[in-house]
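I opened a new notebook page for this chain. My entries follow the order in which I looked things up.

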Amino acid sequence: MINQLTAQLQKWRKYKTLLGRLVQRDLKVKYRRSVLGYLWSLLNPLLMMLVMSIVFSYMFRYDIPNYPIYLITGQIMFTFFSESTTMAMGSIIGNASLIKKVYVPKYIFPISRVLSCFVTLLFSLVAVVIVMVFTRTPITPVLLLFPLPLCYVLFFSIGVGLVLSVCAVYFRDTTHLYGVFTTALMYLTPIFYPISSIPEQIQPLIRLNPLYQFIFCFRQIVLYGRLPTWQNTTVSCAWCIISLAAGMWLFRRKQSNFILHI
């Protein structure tokens, strides 16, 4: 087992340059012919936060202290998950011509899509800092732990992306169904509302949502200056392991037949 893992890591290291080039390509394609370019990674979360803050603070009246930070921390995490997994889902089909011509480890394509979205997420953190300064959110030493929830959502998204990329090859309707799923998931994740507004009998189901755990951890660190609880850490790590294990297992079993379906 250890020998197999070592061999796999060496294989990944061999193709790290290609992985970096694919990430750069995805970013260039995303912002091609855009006047503001990478600035949209900053402006998008700020503009969405402004609109949703007005809607949910004044129309629905959710009484949440420092609502702009509460909103933007959940918003950028969910946006990353939704965007990265959606892009990973079509990565094998989108690179069919390259896969047919030369040998390239196929897992590189979904992983590169997730990593390119992760770069955008890192740019979006500037928006979080701006809102923190504007709202005078206290800066505490716990803030140094902010990479922790980002790693959770990154690894979880890689696993989900691997699964979706396989499903899209064999079942093309996955791309349409997943859009409906992410819309439902957005409303089932406490992004713009507090979990306390949900009936108590439903709250345990919401806490099973992995994105709730990741966002909860991020808010604890950034908004409240608290250490993540051991329950949150355990559940978050478990979801990451399950997602990665399932994604790698399914991808490894099915990748040899991709050429017959793309």
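Which residues does I92 touch, not counting residues up to four places away in sequence? I found I99, K106, F109, P110, S165, V169, F251, F258 and I262. Contact here means heavy atoms within 4.5 Å.

I noted the ground rules next. This is a predicted model, where local features need pLDDT of at least 70, side-chain atom pairs count only at pLDDT 80 or more, and totals for chains, interfaces and linings use all residues. Residues are numbered from 1 along each chain as its sequence is written, and side-chain values use heavy atoms, with hydrogens and water left out.

I looked up the elements. The protein chain has 12 helices and zero strands (DSSP runs numbered from the N terminus: helices are H or I, at least four residues; strands are E, at least two).

I then checked burial. Of the 262 residues in the protein chain, 45% are buried (under 20% relative accessible area, with a 1.4 Å probe and protein chains only).

I turned to the largest nonpolar core, which has 67 residues. Such a core is a set of buried Ala, Val, Leu, Ile, Met, Phe, Trp, Tyr and Cys residues joined through side-chain atoms within 4.5 Å. I92 is among those with the most contacts inside it, as are F80 and F214. Helices that each supply at least two residues of this core include α4 (67-89), α8 (147-170) and α12 (230-254).

My last entry is S243, in helix α12. S243 is buried, with a relative accessible area of 8%. Its side chain reaches the backbone oxygen of F156 at 2.7 Å. S243 also touches F155, G159 and V160, among others.

Definitions and conventions: Buried means under 20% relative accessible area, exposed over 50%, partly exposed in between (1.4 Å probe, protein chains only). A polar contact is a pair of N or O atoms within 3.5 Å; within protein, one must be able to donate a hydrogen and the other to accept it, and residues adjacent in sequence count only if both atoms are side-chain atoms.
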